[in-house]
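Please open the model in your viewer and keep the selection panel at hand.

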Amino acid sequence: MLEPIIQNNVVCHALEAMIFASIACSILGVIISRMNLSSIGFTMSHAAFAGAAVGMFLGGNPQISAIAFSMAVAALIGPISDKAKMAADATLAVLFAMSMAVAIFLISYMEYMGHGLSASSLLFGDVISLYREEIYALAAVCILTIIFILVFYKEITALMFNMKIAEAAGIRVKLVYYVLLFIIALSVALSLNIVGGLLIFVLLVTPASIAGQFCFNVKSMFLVAPLAALLVSAFGVWAGFEYTLPVAPLVALLLTGVFALSVVLSFKRRINTKMH
Amino acid sequence: MSVINLEGIYTAYEGGEKAVIRDLSLLVDRGEYVIIGGPNSAGKTTLLESINGLIKITHGKATVCGLDLSAQADEVRKKVGYVIQNFYFDPFTPFTVEQVVMMGRFGRLGLMNRPTKGDRRAVQKAIHLAGIEDLAHKTIGTCSGGQQQKAMIAHNLAKEPEVMMLDEPFSNLDFSAREYLQEVFKELARTGVPILMVAHAFDGLPDIPIRLVVMNGGRIAHDLNCNAGEVESIVRKECGALDKDKTERRINAGADHTE
């Protein structure tokens, strides 16, 4: 898609993938952070990491198993909390620990068996060896996320306001919520190859947190978060290739730096502090 | 036919083993003004949430607005206004009061449909009725507790509900706001919409026939008709009697322990 502008295929693919992943994840991140679903997003992203490790270990498609794992974890949170009579947060912590244990166990085992290189890409991402199909899949999930927001905009905003009030208002909360979880699982699983299981959460949460420092309404948050993610990711890819630095951790660090700066510069926070 | 028809219902919270509402029957007709009183954990909020389909009824039969609650809870919620108890919106909540009031219409609108001029008119009317025109463009998180409460009442008025349920709706409001909103609900009842209100304070009740339901232990302990001036003394008496029974049982149990 960007080949006419960027001659180097590797850089071009990396940039395209990073742009699509950062747009999809940051848009979903706005919903996740407003709905206090950060722990769910966190656990799902690590479940995708474990799923990919299982897929790789079994010789199947790591992305399909990553989607299946993160969906399974999302579906298990409620029933486990009910059966074990414990808070959802504790359930998430257990599932997160389980996901990490499965992933690290299998990655270590694969390294021992001589498959170390492909396994470590799950941990830290691998932007230089992406297939065309992976970029198309990311573009598709990015478009799907945007369509989801446009089609269900009023339902999503009501959920972001308050889930119980939305349900009492007669909105089909569960339907929208499960579609949301499915799209998060899809985005996380497909972005895993780029930023890796340990950093994927940065793409979900940090751009939304940056937008939250400046935006007074949801519409602007849905615009500012992907814009910030896109600019930082594009700069990160360029800087990574220009100065031979690892791209994914660099993007994560840059996003965190921009967030810190936005906290310092936030006029919204100052206005709110004055009002209270 | 009654608007609300509950026959021997039992409800329990998800994951909970014990039924919170037990063998409860209640008929509510058009235009009735029902005050629900009773001690803490009597099941008052659970009753409202059961009628709204937010909590599943495990046994018994229930119809609301002619719809079977166990099969059509989603449809019931579109017709029932419910002002919930205890909400808090943080200062960073990115929605204005007007947007929040509009959300009250979303259920009726259905998936994917955009608000029309008619919806916007209903929102303006609800904002006017709740007396919050000056707050319409203010972010809800920066409003005071009382203002947020009025916004939530407007959110439910905008729905143009066939049943209006309110769970301690006046806890943050001053006396004049209470009196004014009670008049609004009185008018709503006059148009045929039954009002079900859980309350602990009974000042400012409208001067119309009131049906008082006193709950205890997940059941209806008393169901009687009275006027506004009598509500407080009756609830005080009934709750006092209930508490007295409880106190006696507790003292007796304590005595058994010491023996």
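Select α3 (97-109) of chain B together with α5 (residues 145-157) of chain B. In this predicted model, α3(B) and α5(B) pack at an angle of about 35 degrees, and their axes are 6 Å apart. Axes here are lines fitted to C-alpha atoms, for helices over the stretch in contact, and angles run from 0 to 180 degrees between N-to-C directions. Helices (H or I, at least four residues) and strands (E, at least two) are DSSP runs, numbered from the N terminus.

The model is predicted: local features need pLDDT of at least 70, side-chain atom pairs count only at pLDDT 80 or more, and totals for chains, interfaces and linings use all residues. Residues are numbered from 1 along each chain as its sequence is written, while chains are lettered from A and ligands numbered from 1 in the order in which they are written.

Remain with the helix pair. The crossing of α3(B) past α5(B) is right-handed; a crossing has this hand if the near helix is turned clockwise from the far one by less than a right angle, and is left-handed if anticlockwise. Display V97(B), V100(B), V101(B), M103(B) and G104(B), which meet A151(B), A154(B), H155(B) and N156(B) of α5(B). Residues are in contact if their C-beta atoms, placed from the backbone, lie within 7 Å. This contact comprises six nonpolar residues, three polar and no charged. Ala, Val, Leu, Ile, Met, Phe, Trp, Tyr, Cys and Pro count as nonpolar, Asp, Glu, Lys and Arg as charged, and the others, Gly among them, as polar.

Next, select the sheet of chain B. Its six strands form an open sheet of mixed pairing, in the order β6-β7-β8-β3-β9-β10; two strands pair if DSSP finds at least two bridges between them. At the edges stand β6 (80-83) and β10 (219-226), each with a single partner strand, so one side of each has no neighbour in the sheet. On average, neighbouring strands are turned by 15 degrees against each other, direction ignored.

Within the sheet, β3 (residues 33-37) runs parallel to β9 (residues 210-216) of chain B, joined by four bridges; I36(B) has V213(B) as its bridge partner. Seven bridges join β9(B) to β10(B), an antiparallel pair, and I220(B) is the bridge partner of M215(B). In the hairpin of these two strands, with two residues between them, G217(B) takes a positive phi near 60 degrees.

α5(B) lies across β6 and β7 (163-167), running at about 175 degrees to β6(B). α6 (residues 175-190) of chain B lies across β3, β7 and β8 (195-198), at about 145 degrees to β8(B).

Which residues of α1(B) are buried? Select K44(B), T45(B), T46(B), L47(B), L48(B), E49(B), S50(B) and I51(B): these are buried, meaning that 20 or more other C-beta atoms, placed from the backbone, lie within 10 Å of a residue's own. Helix α1(B) is followed by G53(B), whose phi is positive, near 75 degrees.

Finally, show both chains. How many residues of chain B are in contact with chain A? There are 25, in contact with 25 residues of chain A. On the chain B side, α2 (73-79) and α3(B) each supply at least two residues, and α3(B) gives the most, with six. This side divides into 13 nonpolar, six polar and six charged residues.

Definitions and conventions
Two residues are in contact if their C-beta atoms, placed from the backbone, lie within 7 Å. A residue is buried if 20 or more other C-beta atoms lie within 10 Å of its own, exposed if 12 or fewer, and partly exposed in between; C-beta atoms are placed from the backbone.
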